[in-house]
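Visitor: I have a structure open and want to go through it with you. Can you take my questions as they come?

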Amino acid sequence: MKKLTPTVRFTAVAAAIGLALAGCSTGSDDARESGGGDSHSSHESASNETNGSDHEDMNSSGSEHESGSHEGHASDGGGPPTGITKAADPKFDLGDTVTLSADHMSGMKGAEATVSGAFDTTTYSISYTPTDGGDPVKDHKWVVHEELEDPGKTPLKKGAKITVNADHMPGMKGAEATIDSATNETVYMVDITTDEMEMTNHKWVVESEMKPAQ
């Protein structure tokens, strides 16, 4: 067998070491690339899942908030407020059947109603923010002077700030409100029965929002 010279042996060993180092380096680099890529993907996926969950929760919260918004008056409005004066000469008497032109809520306009009370007072349209955190209510029709806290002399001027004692809708009682408009028309409580609603002593409808039923 032919002996290798020192120079050849050294070259062969160096080549072997070089190949070994190259293999280790490649394996290490592959591991880093593979590990780094997987780790980043996992983090991104987890982040997306978390963000998606938070987004859905926010949407759910919004939906709940919307579902709790104020829609319509109480089905039974109760008796008239203390201190209000019965109308001396109303156009419509108790028990009269009328047709409503008011559009305060869905199904009201054009509905037939029965007069359950007629009063002489000042009636206001108001804007207020419900005390239960609901969205602001604009131009709510109607509240009467006797449903306001210490209102003073009637009529109150447009823009006046008052506290509402009426409890027609959730969040109304105790709310701070602004007077939008006022009328001295005779104001009525009415009973309404339609396919969409059944209301007793609905407060309020003013005389210009009513006409005799055909």
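Guide: One term before we start: two strands pair if DSSP finds at least two bridges between them. With that in hand, in β9 the bridge partner of Thr193 is Glu198.

Visitor: How many bridges join β8 to β9, and which way do the strands run?

Guide: Six bridges join them, and the two strands run antiparallel.

Visitor: What pairs with β8 besides that? I mean, how does β3 relate to β8?

Guide: β3 and β8 also pair in the antiparallel sense, over six bridges. Within that pairing, Phe119 stands opposite Val187 in β8.

Visitor: Is β8 enclosed or open, and why?

Guide: β8 is largely enclosed by the rest of the structure, because five of its seven residues are buried. Buried here means under 20% relative accessible area.

Visitor: Back up a bit. What sort of model is this, and what is the mean pLDDT?

Guide: This is a predicted model. The mean pLDDT of the protein is 77, and 66% of the residues reach 70 or more. Over residues 1-70 the pLDDT is below 50, and that stretch has 11 contacts in the model beyond near neighbours in sequence. Where pLDDT is low, the predicted coordinates should not be read in detail.

Visitor: Fine. How many helices and strands are there?

Guide: The protein has one helix and 10 strands. Along the sequence the pattern is α-β-β-β-β-β-β-β-β-β-β.

Visitor: Which strands form the open sheet, and in what order?

Guide: Four strands, in the order β5-β4-β7-β6, with antiparallel pairing. At the edges are β5 (137-144) and β6 (161-163), each of which pairs on one side only. On average, neighbouring strands of this sheet are turned by 45° against each other, direction ignored.

Visitor: How many bridges are there between β4 and β5?

Guide: Five bridges join β4, residues 123-128, to β5. Ser125 of that region stands opposite Lys141 in β5.

Visitor: Now packing. Which residues have the most contacts inside the largest nonpolar core?

Guide: That core has 18 residues, and those with the most contacts inside it are Val98, Leu100, Met108, Tyr188, Val190, Ile192 and Met210. β2 (97-100), β3 (112-120), β8 (187-193) and β9 (198-206) each supply at least two of its residues. There is also a second, separate core of 15 residues, which includes Tyr128, Val137, Ile162 and Met169.

Visitor: What is Leu100 in contact with, leaving aside its neighbours within four places in sequence?

Guide: Its contacts include Met108, Ala113, Ile192, Val205 and Met210. Lys109 and Glu209 are also among them.

Visitor: Which residues does Lys158 contact beyond its neighbours within four places in sequence?

Guide: Ile179 and Asp180. The C-alpha atoms of Lys158 and Ile179 are separated by 5.1 Å, although the two residues are 21 apart along the chain.

Visitor: And for the whole protein, what share of residues counts as buried?

Guide: Of the 214 residues, 32% count as buried. The protein exposes about 13,200 Å², and carbon and sulfur atoms supply 51% of that area. Among contacts between residues at least 6 apart in sequence, 61% join residues at least 24 apart.

Methods: Residues numbered from 1 in each chain as written. Predicted model: local features only at pLDDT ≥ 70, side-chain atom pairs only at ≥ 80, totals over all residues. Heavy atoms only, no water. Axes fitted to C-alpha atoms, helices over the stretch in contact; angles between N-to-C directions. pLDDT = per-residue confidence, 0-100. Contact = heavy atoms within 4.5 Å. Core = buried A, V, L, I, M, F, W, Y, C linked by side-chain atoms within 4.5 Å. Buried < 20%, exposed > 50% of the residue type's maximum accessible area, 1.4 Å probe, protein only. Areas by Shrake-Rupley, 256 points an atom, 1.4 Å probe, with all protein chains shown as cover.
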